[in-house]
Amino acid sequence: MKRTARSILLLVLVGCLSGIGPIRADPQDSPTKALEWQLVEAESALDQGEPRIAESYYRGALRELWALRGELAAGAGDLETAEQALLKARAASAVGVDSVRIELAEIQLHLGKLDEPLKELRLLAHQRTEDPELLESFIRGLIQAEKTDELSVELEQMARLDPDRAHALRQLDAGGALRPISGNLGLDADGQPVAGAGHGALGPRLIATLHRVEHNLGVLQAWTGFENTPVAEADAPPPRPTDGAEPFGTVELRADVGSERVALPTMDPVGLTPLFPDTFLEIFVALDAGDTATALADLERRVDEGDADAMTLSGWIAASEGRAADAERTLLEAVASHPKPLLARQVLARMYWHTDRRAAAKEHVLQAAELGALDRDLSLWLADVEIADGRIPAANRQLRSLDRRFESVEALVRLADIFVGLNNSKAAMDYLEKARGLAPSSEEVLVLHAELALDIGVIPVAAASVEPLARMRPDVARYQLYLGRVWAGLGKMGEASEALLRSVALDPELKEAFLPLGLALNHESRFEQAGDYLRRYLESFPDDLEATAGLAEAEQRLGESESAESRVRWVLERDPEHGRANLVLGLLLLGREELTEARTAFERAVSADPLSAKAHYQLSLVCTRLRDRACASEHLKKYKNALKGPESTFQTMESKAVELELQKQEDPRP
Amino acid sequence: MRARLLLLLLLSWAWSPPAPSAAQTETGVSEPTPKVDPKPRSTPVFVDVTAGSGIDFKGPRSEEKKYILESVSGGVALLDYDLDGLVDIYFVDSLTVDRATAKASDAKPGARSRLYRNQGGLKFKEVGRAAGVDATGWGVGVCAADVDGNGYSDLYVTGVESNKLFLNQGDGSFRDATGKAGVTGGGWSTGCGFADVDRDGDLDLFVARYLDLDLHDLPEFGRGELCKYRDIPVQCGPRGLKGLGDLFFRNRGDGTFEEVGSKVGLGDEEAMFGLGVTWLDADGDGWQDLYVANDTTPNFLYLNKKDGTFEEMSYLLGVAVSEDGKEQGSMGIAVGDYRNEGWLSLFVTNFSEEYNTFYHNHEGAFFSDASFRTKTAAVSVRYVGWGTSFLDVDNDGWLDLFLVNGHVYPQIDQIQLEASAPYRQRRMLFHNRGDGTFEEVVGGPKHPLSLETVSRGTAVGDLDNDGRLDVVISDLDGAAQVLRNETRGAGHWLQIDLEGKGLNREAVGALIKIRVAKTTMIRPVRSGTGYLSQDDLRQHFGLGAAKRVDEIEVLWPDGSASKRKNVDADQILTIRQP
């Protein structure tokens, strides 16, 4: 694992362990400061001579570090790394932690290792007999190992605990193992793309074998050949037909089947009838068999007989083939003749939606909604309409319902967006956290999660999404900017400036990067470069106080005192308590031997940022020169304490991790 | 009015080092009167004369530098060990871990330090074995001073396992007096320096120490987060490893010493990672103070309390950390009065992604971080600095600044960082503009200053007695180099060789002040300079256009003073303590 990732993880871990938790409710509370305080407190166990507590803390830290690493590696599909990490996590525990043991076993099963993980899962499952999740893992292992006798016993047990889950697992047993591709798609034992449900480190779990999607409905053929396709591409819809027709039918087929995680367990064994009635299934079966002519002839016959389902399907096919007039006519007939034209109205609505007949689309959607649950995309569309119409509560209800029914990532993203608009960052972050859990590799979700976390200043949380983004797409300037902001927030300015320099190298006009880059370079004593970037930032944002104070800092260090003072005075006119500006002013006054005034400025700097090592240090120096020993001593002490902030604690953590690893070598634990 | 101005200009041209003005600038540093021409009238030039000189020292080389032990050595000393008037060169040899831990049956060569006798004409002959100063074990640093008062420079060599005191017998040979003198030390020792801290007439010895390591149980390369640098596995340390306290040996005056570091306040109880060491009178009270450069930890400034004890005052005097309050990875130290104000400022070389710190001495009361104001810092951020000295390279009366660089991780070449130069790094010479700032002298691609090496120790002295200061460099991964100063049009000069009384015959700790017109220049006589090295004890003054020094005043180590007036330039002058 790269140091960048490991370091971020460790820092995230430090943040979590020190009580920051995944989200802080108060976005005004600087995470860095909170982190520092929490870390100092955490370290107090050592300071207070409690080595056993400290050891326990560090062991837990190490275990969690490796567990997190394993989880992320698994999420990225790097199962070998995941296994190694989880082995270390397990070894770091004085007593094995079940979650780690289970996850390790699951990973090993995916790697084709059977005996060891089955042994572990068997042991755990027999200890925790009421845990369906654990039992499912064990059963999946048994299916993979083809241990049929044991499997039937355990499936019986599962049927008692969770019948739906047992049912799905029987399907899995029938359909063979599923190899994850991305999202809710997987490959079955024959290498065919199949739909599953659920996301996460181990990919989808099979719920229903999708009808072979390469039948001859034209655009549906695009769904073949997903193997090894990158996530972003795999998640994209298939190419649109060149004749201008909207391929909504094909998209919906995949999406409806694939993501109906909640709905599918209630379906028939094939799992499709609620959306695709018998008529459809028969047609599909014929298509699957390659007998297109029979299938279409059968369809036509049924339409002629007044079969409303057949009309619906026929209209749907017409729509997917771009025959809009035929489609509309047939579907309207289906609506008129079907006792419960849920699907026909939905297909119609979608067709109107894609042809910008918004009012007609909305009418059919609302009527469909009265007939039953809308499919996911129409629900989303309706929510979008509600949002556009300013009916936020209605949209909120719609999206929450979507979330409940489908665990729809799109719904969660929209909900987050709504709550950002309502200035409820915590709720927004909750939704994005959930979305990230459902789609850990989704670039869109990671970006939104990262941006929100950065905006509200929860750096350790941001790190969890920024790190995979920057790793997966190192060529995206914005992700390097995010990474730089994360490093800066964690006090790792060297790494921050490297990432930010990469971001501006990738996109020299990425103005947002100039300010954090300038400040990071200031911190790294690269004042000339810092000044350049801060000046460029101020060209676009001339009233920015932080950039102005940062530029003044660079100028002060380079001996450009006059300009520096002019800038800090300008900042202080607008914000007399500005920490950085007061610090720079203090240094300028100190240089002129105006000791009393310098002291006042440093005191203001300390007041603005009580954890600023530099401010305390300078205040101690000026107090020394003013012969105020008490003040000098007090701030020297505070300086040293401030210096032990996240950086030193991070180093202590690293050091302890090394020690523990060394100890483990000497004393391997079971 | 214009004629008067012209006359003033002419006068100032005739004697270029200007008198300082009491005027205060915005930076709080008094601004010297600007020079007529702030640019050097002669471009400093060094020429690599190693080839054919007989200098063939090459330290041991481990390609990967898997252990920090293999990255730190490199002391070099300039001393006239045989009093023939020519400065000789001593290189401290080191080892690799493989060689140090090899079984006897493997017969890998041990360390062999070298003494090169200067035969004149920049020709040298290696005489280390014959002189008895070659067997140093895994050597690290060196300092020189006449400890036993026989008039000949002795050598103290620090080592990874133990140190050596070689007493010069005056017949071209040295004898190992370590055990008898009680200065073996032990533990990884680095910088050292002699000084008469209690004015009892004999020289005491300070030895910095670095890490507490067991050669046979070293932290594994690249293992764990502390043994990685920007993603790549590297040697471990010093962070995360255990440091060692420092040693101070008080001279009993009978050829033996006792270690009293903790008793006198020099013991470094927190066991920082000590490297460079220098004695100087920081507060101008006439007593020897001590500055220690600590790696990745705060530096020390011990003020002499005049009762044989010291008080560590680095934080309150502003020389522990940078202006930002950051602890730096400090290595070497240069000491000099770069503004001709009568106070010794400090220049400290540091690790990359930091900057070399220039601590300006405010009349002994405190120091301020003048690194960027002096224009020596910005360029240093990407480099790992080591050996350094102030020297007036063009004899214009202003102290210039030389330093060498080189990373500790060869693996850094696997990545390209904005923040750091590659493993091999160039040297730096900063020319003093006489206005409180410096300007880097940049050589062409083949200039010795441009040569990219992994240098450590440096020592400065006039090897050919031509009045221009030369430089010797010890390289960690290659051959040592001798850079001859061939600056054309350099100013007049004076070198002063002090002869003290009693046991301190080389007057270590003395301060020489010279006055030329209204300008006063000072030079301290220091044992232990730069990075684990020793500059020539003779003190050099550039005089610009002046052909005569109006007055020389020597403040001798015992507190006495002597003066001499109207001394001709361009000579090496010996001054004996009255």
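What is the handedness of the disulfide of A:Cys623 and A:Cys631? In this predicted model, the torsion about the S-S bond of that pair is about 45°, so the disulfide is right-handed. A search of the whole structure finds three disulfides over all chains.

**Disulfides**

- The sulfur atoms of A:Cys623 and A:Cys631 lie 1.8 Å apart, and both cysteines are buried.
- B:Cys143 is bonded to B:Cys192, with an S to S distance of 2.3 Å. The torsion about this S-S bond is about -125°, so the disulfide is left-handed. The bond links distant parts of the chain, since B:Cys143 belongs to strand β6 (residues 139-145) of chain B and B:Cys192 to strand β10 of chain B, 49 residues apart. Both B:Cys143 and B:Cys192 are buried.
- B:Cys227 is joined to B:Cys236 at an S to S distance of 2.0 Å. With a torsion of about 105° about the S-S bond, B:Cys227 and B:Cys236 form a disulfide that is therefore right-handed. Burial applies to B:Cys227 and to B:Cys236.
- When the bonded cysteines of chain B are numbered in sequence order, their pairing reads 1-2, 3-4.

**Chain B as a whole**

- Chain B contains six helices and 37 strands.
- Of its 578 residues, 65% count as buried.
- Among contacts in chain B between residues at least 6 apart in sequence, 60% join residues at least 24 apart.
- The accessible surface of chain B is about 19300 Å², and 49% of this belongs to carbon and sulfur atoms.

**The four-stranded sheet of chain B**

- An open sheet of chain B is formed by four strands in the order β10-β11-β14-β15, with antiparallel pairing. At the edges stand β10 (189-195) and β15 (257-259) of chain B, each with a single partner strand, so one side of each has no neighbour in the sheet. On average, neighbouring strands of this sheet are turned by 20° against each other, direction ignored.
- Five bridges hold β10(B) in antiparallel pairing with strand β11 (residues 204-209) of chain B. B:Gly193 has B:Phe206 in β11(B) as its bridge partner.

**Strand β25 of chain B**

- Strand β25 (residues 400-405) of chain B is largely enclosed by the rest of the structure, because six of its six residues are buried. B:Asp400, B:Phe402 and B:Val404 point one way from β25(B), while B:Leu401, B:Leu403 and B:Asn405 point the other way.
- Strand β24 (residues 385-391) of chain B runs antiparallel to β25(B) and is joined to it by five bridges. Strand β26 (residues 428-432) of chain B is also antiparallel to β25(B), with three bridges between them.
- B:Leu403 of β25(B) stands opposite B:Thr388, and its bridge partner in β26(B) is B:Met428.

**Helix α26 of chain A**

- Helix α26 (residues 511-523) of chain A has 13 residues and spans 19 Å from its first C-alpha to its last, close to the 18 Å expected at 1.5 Å a residue.
- Ten of the 13 residues of α26(A) are buried, and the helix is mostly covered. Among the buried residues are A:Phe514, A:Pro516, A:Gly518 and A:Asn522.
- The cover over the buried residues of α26(A) includes α24 (477-489), α25 (493-506), α27 (527-540), α28 (545-557) and α30 (579-591) of chain A.
- Just after α26(A), A:Ser525 adopts a positive phi of about 65°.

Notes. Residues are numbered from 1 along each chain as its sequence is written. Chains are lettered from A and ligands numbered from 1 in the order in which they are written. This is a predicted model: local features need pLDDT of at least 70, side-chain atom pairs count only at pLDDT 80 or more; totals for chains, interfaces and linings use all residues. Side-chain values use heavy atoms; hydrogens and water are left out. Two strands pair if DSSP finds at least two bridges between them. Helices (H or I, at least four residues) and strands (E, at least two) are DSSP runs, numbered from the N terminus. Axes are lines fitted to C-alpha atoms, for helices over the stretch in contact, and angles run from 0 to 180 degrees between N-to-C directions. The expected span of a helix is 1.5 Å times one less than its number of residues. Buried means under 20% relative accessible area, exposed over 50%, partly exposed in between (1.4 Å probe, protein chains only). Contact means heavy atoms within 4.5 Å. Accessible areas come from the Shrake-Rupley method with a 1.4 Å probe; for residues, only the protein chains shown count as cover. A disulfide is a pair of cysteine sulfur atoms within 2.5 Å.
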